[in-house]
Amino acid sequence: MKILRQTTLAFAAILFALCAIPVRAADDAKPSTDSAMAAARAAAKGDGLLEALLIELDRSKAQLKIDQVQAPYYIEYRVNEIDDFGAEAAFGALRENQHVHVRVLRVVVRIGDYKQDSYFGRGQGETSILPLDNDPIALRHQIWLATDDAYKAAGQAFAEKQAALKQFSADSSPVDDFAKASPVIAVEPTVSLKVDEASWRKTLEDVTSLYKQYPDIQSVTASARFSAINEYLVSSEGTLTRNGKTTYSVQLNASAQAADGMRLGRSPAYMVARIEELPERATLFADAKKMLDTVVALRQAPIVEEEYRGPVLFAPDAADDIVASLIGQNVLGRKPQLGKPNRTTGPFATSYKSRVLPNFMSLVDDPTMKEFRGKSVVGNYAVDSEGVKAQAVNVIENGVLTNYLLGRQPIRDFLDSNGHGRAAPGSFPGPSLGVLVVKSSEVSAWDALKQRVIQMVKDQDKPYGYRVETLGAGNSPRLLYRIYAKDGHEELVRGAVFNELDIRAIRNDLIAVGNDPLVSNRAGGAPSTIICPSLLFGELEVKRADTSKDKLPDYPPPPLVK
Amino acid sequence: MTISESSPTRGSLCTRVTEFLRVTACCALAVQLAAAPAALAANDKAAPLPSVPSPVSDPVLKAMQTELARATTDLGKTEQAPYFLSYTVYDQDFVILVGSYGSLLNNVSAQRRQADVTMRVGTPELDNTHGQSRPSGVSSGTLPLGNDQDAIARVLWELTDREYKRAVPSLLNVRTNTAVRAEEEDKSPDFSKEKPQTHVGELAAAPPLDRAAWEGEIKRLSAAFRKYPEVYLATVILQVQNSKSRMVSSEGSAITSPSTSARLVMEAQTRAEDGMDLLRVETFQAPAASGLPSESDLSAKIEKMATDLSALRKAPIAEPYDGPALLSGRAAAVFFHEVLGHRLEGHRQRDEEEGQTFTKKVGQEVLPKFLSIIDDPTIHEMAGMKLAGAYDFDNEGSPSRRVEVIQDGVLKNFLMSRMPVKNFSNSNGHGRNQPGLMPTGRQGNLIVTSSQTVPEAQLRQKLIDEAKKQGKPYGLYFDDIQGGFTLTTRSLPQAFQVLPVIVYKVYADGRPDELVRGVDIVGTPLAALTRILTTGDQQHVFNGVCGAESGQVPVAAVAPAMLFSEMEVQKRAHEHERPPLLPPPGFEDSGATKSAQSKSEVKP
């Protein structure tokens, strides 16, 4: 029923890193908690929010106790101060324009010990909103209430968890519930949102006015979402961090129906960490026109009727989505449900030390990378949402899975965080991608890859191969071209999906990698970046999509007044 | 079918997540307040001639009319032409400030423009909105904010086409269902015929909101709660809204209704040692923020709220009871809203899932003879208070009207939208909805009047007399309530509940009144209504937000205090979480809440 609109709470989906200053970490491995806390208090000086958090932290740690419930062994406060501007235009006119400024607190109180604690169900934390100014009493009041709730919830969760564990026979060497980590003190400058909102509103309106030149296009919208998020973290271990991150994203959307009713659309987006990297107005217009031209071309494009099995070349803007969904999600070391024996969840749960990619490929996630070939990466951060320093992690080496990305929830054989515990504002942290870089020991130029496709289809006596420029939802191709063996010319087609594009295909059928890595900045719980070149699959099935064709509009769009 | 002064949840705001949601719900509330084309000075009558619309200067209205005409013509050529099409565009421009303990938790301003496209295919006798298919009558979306007619028309077209593609299959379903199912008892048509209306509402521009001054005031007011360590949840919320709704229909209606409103809600909560959450809410309403009570008046209210909560914390829990009861005017108003008002909503008289308590009682006595009830959205103010349920046109474009529902105890009429019921074939201007939903008959300002009154001051003595007469040790006095709800369907018992917050035992033997807590008034409608003995001589107003099938709409209920020969109360369900363990910030040394540690039990 609703026309596309951004939800008011969508700010919760944005968070990322622009830390330019190296972390001043506590260097010695295990300072006593008291001295760590003293250092934290010293570092908090002058920041009213951090000071209020520490006062309540101290008070709660010292005094929270109900008979027959243990006192907390760990308390953590994370505050995300979000300053968010969002605007959307449709058909040349502004439709949404909003500013959100909110501070979200998440409190985690753990009772028990590192080995087994209350982090379960409601014991995973409480969320609250905090005052926008630094009035100490008003701030502390909300922190106090949320802590009280979190402690009581932890007490109940601990009992529930122990009851649940009784269903399973005891594991001889279960992994701990919570990984120990050295305290980190890193107070970075805060960031704020400084954008020319009026000018961006105008740009969005102007670029969506292009619909007037494209009678075949049904819908044209454009949106901008700019965020500055300051993250504050304090814990009873003595960790105290503050860092600020900005993200700027602009998205264009166009949709149309083919004469047969098939829905066609494109939604190119830009996401950067530095506003000056957003496209200039002229570039944005050129890109918008290209988007509209391709949607118009798609309307005329032939439908993929015949099943095809052969080489398919993915451009970087399509390959990144494949890597994100087939590899990126599976290298996260997520602890399985209580009682489940697997190392982690997902298809790579049992793939440790097994080959998951061709042996010429490697994957590293390096959140400390701030930019790549001059382009900002939004997945960069210095300290993760659990107060652990970011680390480069080689997850796949020469095709073999050698590690997982981990937060402070250990999994079998991987007992420490490697600085990948990240969270969206107000939500619990989990292992997440930072800056995932796809590497290959052998790379080829785009033209060479294309030639290889042509040679392969010639050899296989096929009239054409395929290349994909960009993907839509569910890894279905948005822009798919046939490359003809005869003369190398290309033809845009529509209505196709890939069959069995899965971890087996990427392990066994990926035969070559391009030399054209693209920085793909991605929104989500915690923003991440994938740096990925073109990928050539030696064999992949392309078949007709099994989607219904919607009816065309029952009457024509309104004629233009202006 | 709930009514409340503030946010819909009561009590169990024990988790902070809820608190977070509650604040976001406030945003929703502000949006909802514009649902009804609300308060404006109704100084002109609707023009009777729709066929000659006056020249339109409002570009938005013009775009709506042009696009509506085009859609009507173009879709008129299709196989299944709509017989009715309307566009309603809601402009909402609002500011929300939420203060707590001296700081702002939320400071939001936003502009929205939403369009509802309502379409009916088939015939007025049987159309796509019949029975359970009612939601198929409307599609909604966000419209561009400015005056760009091309953009507005384009989005309206998208919505209209989408709605058409919903309405047509729905009609097919309706026809099949009607053929397959047993004949319905009430064979009324689905849509009444009404005279089209044109109206351009004028409204003196509200004085601009002095936002900085209000930010200061909200902070100061909320800081007043700092003095009370037991009041551990407190918010002061200001919602100021300028709205404009525009409606055009294929019948020729064109109505513009601007409105402004300012609403201040103060909520304070504590928790008794047994875990019962205790809540006090005060709300104030005015056309503009400048019309809200002065800061000193509000501060005085805060003192009162805190004192009440402190007394309530210590008050004993009342036992289930059936005996004489005195309801204050506000309590009686909510009682009538729930027990009677919802059951007189027109659509409930034909829906075969409904209990239809009063459907066949027209012309019969349903109340004591000395009581009469009207629902009159044309009244804007009463007993010195602005009425929240006032509007000039309902959401179907029918002019609001005073409806005498019960006269001298005899049921005369129902609250009608354009959905006819047996023997009531026309709207009486009570078709209301929140944006995005289909309208149904709803209450506006429900006003109970009485011809058998005693001065209010004497009611307490009357209660004592009645208790003595019945041989009861005490009667109950319900001083203030926070809201209520009722069930009207057949699948569940016909019941209502009113949620009192301040209740006293008034002893027959002359002991001082005793404050009690933890009771809800319960009962069944027909029994409860016949037990009213007498009423007070002054009208009291309850302004609230009422939720039902067609969404949240602002309403008022007005009634005098009432003495009941019998009223049943039950124990209130409540959480058992103990109060906060540590003293609140600022009271660290008081040791006030250390008592929690001395108790031993905790639930596993």
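## Rings and a covered strand: worked exercises

In this predicted model, ring pairs join A:Tyr73, A:Tyr74, A:Tyr114 and A:Phe178 into a cluster. Now over to chain B for some practice.

**Exercise 1.** Work out whether strand 10 of chain B is enclosed or open, and find which strands it pairs with.

*Solution.* Start with burial: the cut-off is under 20% relative accessible area. Of the 5 residues in strand 10 of chain B (residues 371-375), 5 are buried, so the rest of the structure largely encloses it. Next, sort by face. In a regular strand, side chains alternate between the two faces of the sheet. Here B:Leu371, B:Ile373 and B:Asp375 sit on one side, B:Ser372 and B:Ile374 on the other, and both faces are covered. Finally, look at the partners. Strand 17 (residues 445-450) of chain B runs antiparallel to strand 10, joined by 5 bridges, and B:Ser372 stands opposite B:Thr449. Strand 13 (residues 403-407) of chain B is also antiparallel to strand 10, over 3 bridges, with B:Ile373 opposite B:Ile406.

**Exercise 2.** Take the aromatic pair B:Phe335 and B:Phe496: find its geometry and say which elements it links.

*Solution.* The whole structure has 24 aromatic pairs over all chains. In this one, the centres are 5.3 Å apart with 85° between the planes, which makes it edge-to-face. B:Phe335 belongs to helix 6 of chain B and B:Phe496 to strand 19 of chain B, 161 residues apart.

Terms used
Residues are numbered from 1 along each chain as its sequence is written. Chains are lettered from A and ligands numbered from 1 in the order in which they are written. This is a predicted model: local features need pLDDT of at least 70, side-chain atom pairs count only at pLDDT 80 or more; totals for chains, interfaces and linings use all residues. Side-chain values use heavy atoms; hydrogens and water are left out. Buried means under 20% relative accessible area, exposed over 50%, partly exposed in between (1.4 Å probe, protein chains only). Helices (H or I, at least four residues) and strands (E, at least two) are DSSP runs, numbered from the N terminus. Two strands pair if DSSP finds at least two bridges between them. Rings of Phe, Tyr and Trp (its six-membered ring) pair if their centres lie within 6.5 Å; planes under 30 degrees apart count as stacked, over 60 as edge-to-face and the rest as tilted.
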